[in-house]
Amino acid sequence: MLILLFIFPILSLAGESPISFQGEITPKSLSSLEQKILKAVATFKAGQERAIVIELNSGGGNLFATLSFIDQIQRASETQNFVLVTRVRDACESSCTVLF
């Protein structure tokens, strides 16, 4: 219950248009996702809640690409001060669970 109370305010402030990720996890698909995230970060205004919602729908894919992506996004979130909120639309299997 405490987790839901903590996450709910972030979800309500994160906006109504999540970034969608669906399909196989590959270096190319994760590079595209990273560009969408950084583009969304660039649109934030001063004082605005800096949360980005990612909606996942994937059967998985390349685990090494997933781990590299997570490292890159963690570094970016620390330097640009934003958080990611993930949710699953239909399925999140294999290496997708690491993203979740």
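Which residues form a disulfide with C92, and how far apart are the sulfur atoms? Keep that in mind while opening what is a predicted model, in which local features need pLDDT of at least 70 and side-chain atom pairs count only at pLDDT 80 or more, whereas totals for chains, interfaces and linings use all residues. Residues are numbered from 1 along each chain as its sequence is written, and side-chain values use heavy atoms, with hydrogens and water left out.

Select C92 and C96 to begin: the two form a disulfide with their sulfur atoms 2.3 Å apart, where a disulfide is taken as a pair of cysteine sulfur atoms within 2.5 Å. By this rule the count comes to one disulfide. The link of C92 and C96 is left-handed, with -105° about the S-S bond, and both C92 and C96 are buried, that is, under 20% relative accessible area with a 1.4 Å probe and protein chains only.

Next, select helix α2, residues 27-42, and find L30 within it; helices are DSSP runs of H or I, at least four residues, numbered from the N terminus. L30 counts as buried because its relative accessibility is 3%. Setting aside neighbours within four places in sequence, L30 is in contact with F21, I25, A65, T66, F69 and L99, contact meaning heavy atoms within 4.5 Å. Show the C-alpha atoms of L30 and F69, which are 39 residues apart along the chain yet separated by 6.7 Å.

Stay in helix α2 and move to E34, which, with the same exclusion of sequence neighbours, is in contact with F69, Q72 and I73. E34 is buried yet has no salt bridge, and the nearest side chain of opposite charge, R75, is 7.5 Å away; a salt bridge requires a side-chain nitrogen of Lys or Arg within 4 Å of a carboxyl oxygen of Asp or Glu, and for charge Lys and Arg count as positive and Asp and Glu as negative, with His and the chain ends not counted.

Key
Helices (H or I, at least four residues) and strands (E, at least two) are DSSP runs, numbered from the N terminus. Buried means under 20% relative accessible area, exposed over 50%, partly exposed in between (1.4 Å probe, protein chains only).
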